[in-house]
Amino acid sequence: MDRNPFSCEYQWGRLRCTVAHRKSQGPAAGSTRSRRKGLFVTFEGIEGSGKSTQAHALAQYLRSQGFWVVETREPGGTPVAEQIREVFLRPSRKLQAVDPLIPECEVALILAARSQHVANLLLPALQQGAIIVCDRFADSTLAYQGFGRGLSLRELRSLTRWAAQGLTPDLTFLFDLPVSQGLKRRLKSTDANRLDHETSAFHQRVRKGFLSLAKHPRRRIHTINASRSAQAISRQLITVVAPLLEEGLKTRRLALKQV
Ligand SMILES: Nc1ncnc2c1ncn2[C@@H]1O[C@H](COP(=O)(O)OP(=O)(O)OP(=O)(O)O)[C@@H](O)[C@H]1O
Ligand SMILES: [Mg+2]
């Protein structure tokens with residue numbers, strides 16, 4: 001991997017990865033699949049649907065098969081984007097009381113984080129042949145801020161295209177289950193966030209939104225019945241990913257870079 005003065009290292013959660021930063025190559029960078037050697041897989045769905053569990057399991061499996069995997073998430077994935085995540089998900093109670101986040105500000109924060117993530121992690125890693133396993137991406141913006149908050153889908157699509165420099169996933173897993181089941185699973189979690197306080201009606205709109213997005217484009221989005229056991233779901237994901245790996249096997253094997 002070539003290095004330049006923009007190189008940096010960062011860490012979040014279980015992942016430590018090193019990626020050479022590159023200056024933004026303008027709006028067209030990464031917008032065509034032919035420019036990149038890697039594979040971009042995203043995990044979408046409502047709260048508690050099992051995205052993080054399955055993203056990590058798939059990443060582990062792919063690593064065990066010798067692939068270079070970058071495990072990341074949105075909002076977040078770079079140092080600046082992770083700071084934006086905190087503002088987005090965990091503004092202090094005092095801040096929320098005096099200056100609650102409005103939907104437009106949510107979008108602005110998400111897009112600010114996404115632009116950093118795409119330019120400084122996703123595009124460089126994809127260009128170098130990584131398999132990106134990303135917990136949430138642009139479909140969440142459409143589902144939460146579009147269907148959930150009622151902002152214009154057309155505008156959100158255009159803004160997200162701009163912030164992501166045209167980057168779209170090769171494959172998306174949409175984890176679907178009843179809202180009540182997802183929220184029940186979330187109760188086990190210790191990292192409560194702002195969205196946990198949203199109404200059930202909001203989460204229902206988000207779920208319906210995701211399902212409506214999954215109708216088009218069908219080939220990219222695979223809807224997963226997330227009510228099943230974690231093991232059964234993991235097996236299904238591997239069967240979906242396997243043919244894509246075969247396609248690019250030679251370019252993606254560890255010859256490239258192991259983190
Ligand atoms: N298939 C499953 N069956 C039962 N419990 C599960 C399953 N998958 C994950 N869980 C549990 O449900 C909880 C939520 O899972 P996870 O954090 O992976 O969901 P998530 O979609 O990432 O949630 P969030 O949107 O809040 O980040 C965790 O406690 C996890 O262990
Ligand atoms: Mg999660």
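## Exercises on aromatic rings

Phe43 is buried, and Phe175 is buried too. Both belong to a predicted model.

**Exercise 1.** Find how many aromatic pairs the structure holds, then classify the pair of Phe43 and Phe173.

*Solution.* Start with the count: the structure holds five aromatic pairs. Now take Phe43 and Phe173. Their centres are 5.5 Å apart, and the angle between the planes is 55°. Planes under 30 degrees apart count as stacked, and over 60 as edge-to-face. The pair of Phe43 and Phe173 is therefore tilted. Phe43 lies in strand 3 (residues 39-45) and Phe173 in strand 6 (residues 171-176). They are 130 residues apart, so the pair links distant parts of the chain. Last, check burial: Phe43 and Phe173 are both buried.

**Exercise 2.** Classify the pair of Phe43 and Phe175, and locate its partners.

*Solution.* The ring centres of Phe43 and Phe175 are 5.7 Å apart. Their planes meet at 15°, so this pair is stacked. Phe43 is in strand 3, and Phe175 is in strand 6. The two are 132 residues apart, and the pair links distant parts of the chain.

**Exercise 3.** Work out which residues form one aromatic cluster.

*Solution.* Phe43 pairs with Phe173. Phe43 also pairs with Phe175. Phe43, Phe173 and Phe175 form one aromatic cluster.

**Exercise 4.** State which rings lie under the charged ends of Arg114 and Arg194.

*Solution.* Take Arg114. Its charged end sits over the ring of Phe137, 5.0 Å from the ring centre. Then take Arg194. Its charged end sits over the ring of Phe88, 4.9 Å from the centre.

Conventions: Residues are numbered from 1 along each chain as its sequence is written. Chains are lettered from A and ligands numbered from 1 in the order in which they are written. This is a predicted model: local features need pLDDT of at least 70, side-chain atom pairs count only at pLDDT 80 or more; totals for chains, interfaces and linings use all residues. Side-chain values use heavy atoms; hydrogens and water are left out. Rings of Phe, Tyr and Trp (its six-membered ring) pair if their centres lie within 6.5 Å; planes under 30 degrees apart count as stacked, over 60 as edge-to-face and the rest as tilted. Helices (H or I, at least four residues) and strands (E, at least two) are DSSP runs, numbered from the N terminus. Buried means under 20% relative accessible area, exposed over 50%, partly exposed in between (1.4 Å probe, protein chains only). A charge sits over a ring if NZ of Lys or CZ of Arg is within 6 Å of the ring centre and within 35 degrees of the ring normal.
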